[in-house]
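Please keep the sequence and the 3D view at hand while reading.

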Amino acid sequence: MPETTHHRVKRLYMRSIRRGIKEMDLILSAFASARLDQMDDAHLTLYDAMLNENDHDLYQWVTGQVAVPEPYGALIADIQDHIAQPGG
């Protein structure tokens with residue numbers, strides 16, 4: 001049975017809040033809470049793939065310490081924009 005969008009969003013949210021390092025727990029839980037419900041299937045698929053990346057790599061990408069590899073450039077920029085906002 002195919003995964004419903006509702007179930008997929010819940011699964012991705014859970015993967016966002018239970019990361020390997022606390023910094024990524026905080027960053028991705030806030031982003032996921034605010035943005036996952038608004039994403040289309042293609043963006044959810046990309047976000048799902050990004051969650052398979054190493055947390056230390058993700059943290060370096062989000063903080064601008066290391067260049068972001070394609071295809072994650074726009075998604076990481078969106079996460080950076082979100083955390084730069086007050087309350088983000």
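## Terms and basis

Axes are lines fitted to C-alpha atoms, for helices over the stretch in contact, and the angles between N-to-C directions run from 0 to 180 degrees. Helices are DSSP runs (H or I, at least four residues), numbered from the N terminus.

The model is predicted: local features need pLDDT of at least 70 and side-chain atom pairs count only at pLDDT 80 or more, while totals for chains, interfaces and linings use all residues. Residues are numbered from 1 along each chain as its sequence is written, and side-chain values use heavy atoms, with hydrogens and water left out.

## Helix 2 and its surroundings

Helix 2 covers residues 22-35, which is 14 residues. From first C-alpha to last it reaches 20 Å, close to the expected 20 Å; the expected span is 1.5 Å times one less than the number of residues.

Met24, Asp25, Ile27, Leu28, Ser29, Phe31, Ala32 and Arg35 are the buried residues of helix 2, where buried means under 20% relative accessible area, exposed over 50% and partly exposed in between (1.4 Å probe, protein chains only). They pack against helix 1 (5-17), helix 3 (41-50), helix 4 (55-62) and helix 5 (73-84), a contact being heavy atoms within 4.5 Å.

## Two helix pairs

The axes of helix 1 and helix 2 come within 7 Å and cross at roughly 155 degrees. The two helices are therefore roughly antiparallel; angles under 35 degrees count as roughly parallel, over 145 as roughly antiparallel, 65 to 115 as roughly perpendicular and the rest as oblique. Helix 1 contributes Tyr13, Ser16 and Ile17 to the contact, and helix 2 contributes Met24, Asp25, Leu28, Ser29, Ala32 and Ser33.

Helix 2 and helix 5 pack with axes 10 Å apart and at an angle of about 95 degrees, so helix 2 is roughly perpendicular to helix 5. Ile27, Leu28, Ala30, Phe31, Ala34 and Arg35 of helix 2 meet Leu75, Asp78, Ile79, His82 and Ile83 of helix 5. This contact holds 8 nonpolar, 1 polar and 2 charged residues.

## The nonpolar core

A nonpolar core is a set of buried Ala, Val, Leu, Ile, Met, Phe, Trp, Tyr and Cys residues joined through side-chain atoms within 4.5 Å. The largest one has 21 residues, and Leu28, Leu36, Tyr47, Met50 and Ile79 touch the most other members. Helix 1, helix 2, helix 3, helix 4 and helix 5 each give two or more residues to this core, and helix 2 gives the most, with 5.

Leaving aside residues up to four places away in sequence, Met50 touches Leu28, Leu58, Tyr72, Leu75, Ile76 and Ile79.

## Individual residues and loops

Arg8 is found in helix 1 and counts as buried because its relative accessibility is 14%. Beyond residues up to four places away in sequence, Arg8 touches Glu3, Asp41, Leu44 and Thr45.

Asp37 lies in the loop between helix 2 and helix 3 and is exposed, at 66% relative accessible area. Its C-alpha is 6.7 Å from that of Val9, 28 residues apart along the chain.

How values were computed. Nonpolar A, V, L, I, M, F, W, Y, C, P; charged D, E, K, R; others polar.
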